[in-house]
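Here is a short report for a reader new to this structure. Look over the sequence and the model first, then read on.

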Amino acid sequence: MADTESLRQIAHSRAPLSTWLGVVLLFALFGVIVLAVIGPMPRGSDYEETRAKKRMETLKTVREDAEKSLNTYAWIDKNKGVARIPISRAMELTTAELAKQKPAQAGPIATPQAQSPAPPTSPAPGAPPKPGAAQPAGSPSTPAPASPPPAAQSSPGAPASPSPATTP
């Protein structure tokens, strides 16, 4: 009976001091590892401020380069005689050139000529197509119809006349 009572005392007894010390040291070791990993990372405000300053400097240099290229004379290709001129001078030259030109009269608006609709026919499978029958545009058996030659097209002011039909 003495054995069961001694077992109860051992089971309900407090943990020794060395166990508590070990647990505290493990937490301290974990904290040191976390600080070693997080420590070298840049801090939020300083890091963002330096990045913002770099972006502003880059933007300033890009704008200065654009301003320089828009407002100065320079050679693009000296061998070909191509030069860059300031944009204000280019606008003056362009407006002077356009002022010298006489406006061209606008012609009449050309409307597409009405085509007679062909009745939709589909040939029977295996049957040869009838001559003069309409073929689908993607048909491999016949080439696509060519557009009429330029001489056959009528001018917008002239009346349309039918072209002579030829029969085989």
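## Salt bridges

The count comes to 2 salt bridges, where a salt bridge is a side-chain nitrogen of Lys or Arg within 4 Å of a carboxyl oxygen of Asp or Glu. Side chains of opposite charge can pair when their charged atoms come close. This is a predicted model, in which local features need pLDDT of at least 70, side-chain atom pairs count only at pLDDT 80 or more, and totals for chains, interfaces and linings use all residues. Residues are numbered from 1 along each chain as its sequence is written, and side-chain values use heavy atoms, with hydrogens and water left out.

Helices (H or I, at least four residues) and strands (E, at least two) are DSSP runs, numbered from the N terminus. Glutamate 48 is partly exposed, at a relative accessible area of 41%. Arginine 51 is partly exposed too, at 38%. Here buried means under 20% relative accessible area, exposed means over 50%, and partly exposed lies in between (1.4 Å probe, protein chains only).

Glutamate 92 forms a salt bridge with arginine 89. Their closest N and O atoms are 3.4 Å apart. Helix H4 (residues 87–100) holds both, 3 residues apart. Glutamate 92 has a relative accessible area of 48% and is partly exposed. Arginine 89, at 36%, is partly exposed.

H2 has 22 residues.

Leu26, Leu29, Phe30, Ile33, Val34, Val37, Ile38 and Met41 make a nonpolar surface patch of about 790 Å². Patches take residues with over 30% relative accessible area and no salt bridge, joining like charges within 9 Å and nonpolar side chains (Val, Leu, Ile, Met, Phe, Trp, Tyr) within 5 Å. Areas come from the Shrake-Rupley method with a 1.4 Å probe; for residues, only the protein chains shown count as cover. Methionine 41 lies in the loop between helix H2 (17–38) and helix H3 (44–71). Methionine 41 is partly exposed, at 49%.

## The hairpin

Strands E1 (residues 74–77) and E2 (residues 82–84) run antiparallel, joined by 3 bridges. Two strands pair if DSSP finds at least two bridges between them. Aspartate 77 stands opposite valine 82 in E2. The hairpin has 4 residues between its strands, and glycine 81 takes a positive phi near 80 degrees.

Technical notes: The expected span of a helix is 1.5 Å times one less than its number of residues.
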